[in-house]
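Trainee: I'd like to learn how to read a few features in a model like this. Can we go through it together?
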Amino acid sequence: MKSNQSLGKLYIVATPIGNLNDISQRAIETLRSVDIILCENTVHSRKLLQHYQIVPKRIDKITDHQTAKDVSGIAGGLLNGQSVAYISDAGTPMISDPGGNLVSFAHQHNVPVVPVPGTSAVITALSVAGFAATPFCFLGFFPEKAQDRRKQAEVCSRSKQATVFFESPRRI
């Protein structure tokens with residue numbers, strides 16, 4: 001196993017949710033400085049990068065559907081000292097977004113993982129809810145199957161906490 005000095009760093013970078021101006025200066029600087037930008041969708045991510053005139057040295061797609069071997073091939077530069085930023089289509093990777101395989105790879109190889117925070121859809125929505133929103137429970141995306149959705153809705157209806165979940169506009 002290599003020492004941390006010869007390893008790169010993996011930056012988990014939050015991106016805007018809807019409004020491209022909702023990005024931190026730190027996120028922009030990180031995306032400009034890394035050797036590789038990994039993303040959920042290169043077409044979608046290039047729009048953000050072009051908006052901020054960020055020209056990636058390398059950009060590649062990585063998803064949770066890829067095998068550990070795929071991830072090691074794509075993210076192998078981390079083991080050779082390259083810095084890598086991972087972004088999802090909107091929000092923070094790993095929060096109802098892909099990224100688990102990549103972060104696991106980094107931890108398994110002692111690669112430092114650095115969060116670059118940004119906009120949070122959950123906190124943003126709770127801040128304007130108009131009622132006491134703490135404590136709250138975040139459930140991610142509601143289940144796809146109707147029967148599973150009903151069961152989850154029943155559990156939520158009995159909760160005394162504010163409950164937040166994501167849902168696709170196509171399924172509402």
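This is a predicted model: local features need pLDDT of at least 70, side-chain atom pairs count only at pLDDT 80 or more; totals for chains, interfaces and linings use all residues.

Trainee: Okay, on to strands. Which way do the side chains of β1 point?

Mentor: In a regular strand, side chains alternate between the two faces of the sheet. Now look at β1, residues 10–13: Leu10 and Ile12 point one way, while Tyr11 and Val13 point the other way. All of them are buried.

Trainee: Which strands does β1 pair with?

Mentor: One is β4, residues 84–87, which pairs with β1 in the parallel sense over three bridges. Within β4, Ala85 is the bridge partner of Tyr11. Another is β5, residues 113–116, which also runs parallel to β1 and is joined to it by four bridges. There, Ile12 has Pro115 as its bridge partner.

Trainee: Now the rings. How many aromatic pairs are there?

Mentor: The count comes to three. One of them is Phe138 with Phe166, an edge-to-face pair with 5.0 Å centre to centre and 65° between the planes. Planes over 60 degrees apart count as edge-to-face, so that angle qualifies.

Trainee: What does that pair tie together?

Mentor: Phe138 lies in strand β6 (residues 136–141) and Phe166 in strand β7 (residues 162–166), so the pair ties together parts that are 28 residues apart in sequence. Phe138 itself is partly exposed, at 28% relative accessible area.

Trainee: Which other ring pairs with Phe166?

Mentor: Phe141 does, again edge-to-face, at 5.4 Å centre to centre with 65° between the planes. This pair also links distant parts of the chain, since Phe141 is in β6 and Phe166 in β7, 25 residues apart. As for accessibility, Phe141 is partly exposed, with a relative accessible area of 45%.

Trainee: Which residues make up the aromatic cluster, then?

Mentor: Phe138, Phe141 and Phe166 form one cluster.

Definitions and conventions. Residues are numbered from 1 along each chain as its sequence is written. Side-chain values use heavy atoms; hydrogens and water are left out. Buried means under 20% relative accessible area, exposed over 50%, partly exposed in between (1.4 Å probe, protein chains only). Helices (H or I, at least four residues) and strands (E, at least two) are DSSP runs, numbered from the N terminus. Two strands pair if DSSP finds at least two bridges between them. Rings of Phe, Tyr and Trp (its six-membered ring) pair if their centres lie within 6.5 Å; planes under 30 degrees apart count as stacked, over 60 as edge-to-face and the rest as tilted.
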